[in-house]
Amino acid sequence: MEINGYTKLAAVVANPIKHSLSPFIHNLAFDHVGENGVYLAFETPEADLGSVIESIKTLDMYGVNLSMPYKEAAVPYMDELSEVAKLTGAINTIVNRDGKLFGTSTDGAGFFKSLKHFKVKGSAITVIGAGGAASAIIISLALAGAKEIVVYNRSDKPFIKELNEKLDCPITLKKIDQESIKEDLKDTYLLVNTTSVGMAPHPEGCIIESADMLPDGLKVADII
């Protein structure tokens, strides 16, 4: 598609992000629907996040997508939030609505679509990590009728307690511990890794220390 004076800009903002396939995917989509737009990747230092978000208005952009580590950090810059963003305290999409920035998260809905062959309803689920994407995924699993969800994370996450007050599914937060994870996995139907392990700068890492921790029949999903 020809780039001209009317071409509009969208982008993904994260750090790191040079590896992302998002520009390929979204530019192909623009071309497919005949939209005069271009989609880039902005590898943004944390100190510049506010000015980059402000430029969405200044440059009259469509908006941006967000990835690690900015899904929670970008929330205070929004003029309006979706209901799922209010629940999770995180966003992965900013839409420019006539100069007003609307923040939402598609992480939970997108992830859940990938589970169409899994039986989530009535199942016990273990989630490792409790960042922006994890919160959206946890909510989607709970709303889909999961029996219980155990979340492992390195630090405390107050939003887990808040979710327990709003959702019917019991959600338990635990500190990451290999023995505890192994014990919980004995009764787990689905294990979900939402940590950054597997992504630069730790592409060789592994959240599970040994294969014998994974019982036969366990379903595993890794959002990286």
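A: Three bridges tie β3 to strand β5 (residues 93-97), and the two run antiparallel; in that pairing Gly63 sits opposite Val95 of β5. Strands here are DSSP runs of E, at least two residues, and helices are runs of H or I, at least four residues, numbered from the N terminus. Two strands count as paired if DSSP finds at least two bridges between them. This is a predicted model, so to speak with limits: local features need pLDDT of at least 70, side-chain atom pairs pLDDT 80 or more, while totals for chains, interfaces and linings use all residues. Residues are numbered from 1 along each chain as its sequence is written, and side-chain values use heavy atoms, leaving out hydrogens and water.

β3 also pairs with strand β1 (residues 8-14), this time parallel, through four bridges, with Val64 as the partner of Ala11. Both faces of β3 are covered: Gly63 and Asn65 on one side, Val64 and Leu66 on the other, are all buried (under 20% relative accessible area with a 1.4 Å probe, protein chains only).

β3 (63-66) gives two or more residues to the lining of the largest pocket, as do α1 (22-33), α4 (107-113) and α5 (132-143); α5 gives the most, with four. The lining has 48 residues, with Ser67, Met68, Lys71, Ile223 and Ile224 nearest the centre. A pocket is an open set of points on a 1 Å grid over the protein atoms alone, where a 1.4 Å probe fits, with protein on both sides within 12 Å along at least five of seven lines; lining residues have an atom within 4 Å of a point.

Technical notes
Buried < 20%, exposed > 50% of the residue type's maximum accessible area, 1.4 Å probe, protein only.
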